[in-house]
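Welcome! Have a look at the sequence and the model first, and then read on.

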Amino acid sequence: MIQAKRYNPLLMLFQLFNLIKNSIFFVVFLFVIKAGSDSAFIKYGKVIFILAFVITFISIIIKWFTTKYAFDNKSFYLYKGIFSKSERSIPFSKIQNINRHTALFHRIFRVTSISFETGIKGENASVKFEVVSRIEADRMEAHLSSTVHVDLPSIQESDANMETFPHEEDDSKVNSIRVLHFKPTKKDTLKASFTSFSFLLLIPLIASLYFKINDIFHVEEEAEGVISEILNSWWLVFGIIIFLVIASAAFGIVSTYLKYGKYEISSDFDRIYITKGVINETSFSISKEKVQAIEIKQSTLKRVFGLAEVKLTSAGGLGSEEDKHEINSLYPYLPIRRAYEIVSDILPTYEVTEKMDRLPKKSLWVRLLWPSWIWIITTAVLYYFKPAILNVEKAWWIISACLFVIIGVTRLLDFYNTRYVLNDRFVQFKKGSLTTTLFVSKREKVIEVRVSRNIIQKLLGLASIKTINRAKPVYHAGIEDVPQELANVFYKWYKGRKNEIKLE
Amino acid sequence: MNSHILSPQNQLSKKAVKVWIISEVIENVIGFIVLGVLFYLDYLFSWKEWIGWILIGVASISVLFAVWSFIRPFLLYKTWRYAVDEEFLQLKYGALIEKHQLIPMTKIQSVATNQGPLLRRYDLYTVSIETMASTHTIPALPKETAVELRNQIAQFAKVKEVES
């Protein structure tokens with residue numbers, strides 16, 4: 001058994017920092033805004049606040065002295081408590097993915113935070129180190145990946161022009177070289193900034209700034225003369241417009257760069273690493289065989305530009321940071337060809353088949369004729385109230401008709417975008433009207449399947465199929481109105497999963 | 001119609017229909033009593049007009065559901081099938097929408113038999129099976145069948161896949 005260690009002492013500082021950050025609101029409210037108030041509510045509020053602050057402060061220190069951690073070749077061991085002691089061990093094999101987050105605080109002290117996520121439900125789902133030295137974090141991550149998969153056969157990677165990934169402070173424990181698969185070039189960042197419409201972000205920013213300044217300085221009245229003068233000279237107007245266009249484009253590019261600029265997708269023989277962020281650095285790493293499914297998402301605009309977002313589904317949590325939705329995403333603006341290449345590079349056991357089957361014509365009729373509850377309810381409500389919008393008395397039926405057309409078109413688009421294919425070991429579903437999602441998973445990763453048929457589907461020989469995969473929360477994927485024969489094949493296909501699974 | 005998906009064979013206890021109907025009757029009676037009280041209060045305190053309309057709406061929908069709740073148990077009993085083998089738990093049910101579910105034994109986390117007061121009266125048990133994804137229940141099985149099924153599933157579910 002390895003000697004248990006205390007957490008990094010900077011953890012106390014970090015928690016104190018968070019405590020102060022969270023109490024700023026109360027301080028301002030109790031001691032600045034309501035400073036002179038005599039009401040009992042405020043008086044007691046102050047007392048309670050100070051008490052809570054002191055107690056939390058003390059508990060931070062006590063907690064640090066009473067919690068310890070250790071790890072050996074198999075598991076993490078976490079110890080905590082003064083009177084009622086608890087000891088928790090988390091086997092490495094249960095860890096699904098590793099998230100790292102380096103916020104500004106961590107940067108200042110040259111530390112990082114790392115969390116090992118398991119697929120367990122509830123609050124004890126992760127082993128989290130909110131402050132840990134980078135060396136220790138690297139050591140833990142390398143230790144974990146080298147001990148778990150040491151007995152696996154190495155997977156041959158076949159890419160001639162691979163660069164080796166220079167990794168800081170990593171010792172010889174990493175048993176294979178990291179390969180860099182993607183790093184956005186200037187062109188990628190430019191494309192990303194235009195596809196994400198990030199240049200439009202400047203408009204609300206300027207507007208809110210303007211209104212704030214206007215509140216204080218009353219610009220509107222004073223500038224009246226100036227504005228009319230400006231409007232009189234066309235070249236000045238022209239100049240201002242050009243300036244605004246350039247400024248917003250630059251702003252968009254900078255904000256995109258800050259978000260997606262330092263993106264890196266790399267992998268070694270058993271793990272995939274995604275790192276991103278210029279100021280707040282986050283990184284996500286997952287063992288290749290723990291990838292539950294792949295999702296390839298394309299919005300209309302991305303389809304026009306030939307870009308796509310690839311997401312790796314993990315059974316572990318993705319952290320509670322605001323960018324949790326994107327942490328598991330390979331670069332969200334990957335050129336589609338490149339996306340397929342990267343997937344086959346980093347996940348050699350996955351295959352993405354590009355040729356897929358379409359739905360039969362009769363499913364289009366089912367979908368078009370199926371009553372739309374949204375439309376029915378909206379129309380009923382509109383009919384009842386008959387609101388006159390913009391002085392148009394007949395507005396209610398115009399809205400209803402528009403909604404009807406929109407729903408029809410979305411259904412039509414969804415029908416044309418829907419594709420599916422069942423391969424030997426893989427299942428692939430693609431659907432969506434404006435934004436399409438392609439879902440790819442392996443038979444052994446699907447934990448449950450469902451087939452259902454409503455009355456109309458029964459009459460037309462159609463069915464709906466559904467797969468469930470591990471994720472947090474569990475991931476449902478499926479296709480409605482496939483031919484009955486396919487549903488039968490699908491059922492049998494899933495029964496064949498015994499060919500792939502290994503029993504303990 | 002569904003000849004290719006091999007329908008599982010085992011059925012629920014015949015008493016299921018009776019139990020379901022009784023419980024539906026109880027629920028409906030309670031529901032209508034509550035509605036009746038609300039109507040009376042509405043009349044007594046002359047509540048706003050729209051409340052009355054909502055009550056009428058709720059009442060008419062409840063009547064429709066009450067009628068349906070007497071047909072549904074028969075259809076549900078007719079369609080409910082389940083099967084267990086070493087690899088899969090297979091369920092098929094649905095009065096209006098026919099549902100087939102295929103659950104690998106290795107993904108089952110727990111299995112339990114439950115019994116409410118109504119089921120106890122008829123000596124029936126519900127078997128509930130928890131997986132990573134959801135909880136499945138096989139309602140209204142005779143005691144011996146339920147216990148046997150539970151033990152069997154527990155036995156089969158002991159086998160674990162190499163979790164990767």
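Which feature does UniProt place at residues 77-153 of chain B? The record, an unreviewed entry, gives "domain: YdbS-like PH" for this span; UniProt positions are in the numbering used here, feature names are shortened, and annotations may be inferred rather than shown by experiment. This is a predicted model, in which local features need pLDDT of at least 70, side-chain atom pairs count only at pLDDT 80 or more, and totals for chains, interfaces and linings use all residues. Residues are numbered from 1 along each chain as its sequence is written, while chains are lettered from A and ligands numbered from 1 in the order in which they are written.

**Domains and spans**
- Chain A is assigned domain 1 (5-145), domain 2 (189-259) and domain 3 (357-499), with bounds from an automatic or database domain assignment.
- The centres of domain 2 and domain 3 of chain A, taken over C-alpha atoms, are 42 Å apart.
- Residues 77-153 of chain B are 25% helix and 52% strand, and their end C-alpha atoms lie 22 Å apart; helices (H or I, at least four residues) and strands (E, at least two) are DSSP runs, numbered from the N terminus.

**A sheet built from both chains**
- An open sheet of six strands runs in the order S22(A)-S21(A)-S20(A)-S3(B)-S2(B)-S1(B), with antiparallel pairing; two strands pair if DSSP finds at least two bridges between them.
- Strand S22 (475-483) of chain A and strand S1 (81-84) of chain B stand at the edges, each with a single partner strand, so one side of each has no neighbour in the sheet.
- Strand S20 (residues 446-453) of chain A meets strand S3 (residues 98-104) of chain B through five antiparallel bridges.
- Here A:Arg450 stands opposite B:Gln101, and A:Arg453 has B:Glu98 as its bridge partner.

**Where the chains touch**
- 25 residues of chain B are in contact with 26 residues of chain A (C-beta atoms, placed from the backbone, within 7 Å).
- S3(B) gives the most to chain B's side, with seven residues.

**A buried strand in chain A**
- Six of the seven residues of strand S19 (residues 436-442) of chain A are buried, so this strand is largely enclosed by the rest of the structure; buried means that 20 or more other C-beta atoms, placed from the backbone, lie within 10 Å of a residue's own.
- Strand S13 (residues 293-298) of chain A joins S19(A) by six antiparallel bridges, with A:Lys297 opposite A:Thr437.
- Strand S18 (residues 426-431) of chain A is also antiparallel to S19(A), joined by six bridges, and A:Lys430 stands opposite A:Leu438.

Definitions and conventions:
Contact = placed C-beta atoms within 7 Å. Buried ≥ 20, exposed ≤ 12 C-beta atoms within 10 Å, placed from the backbone.
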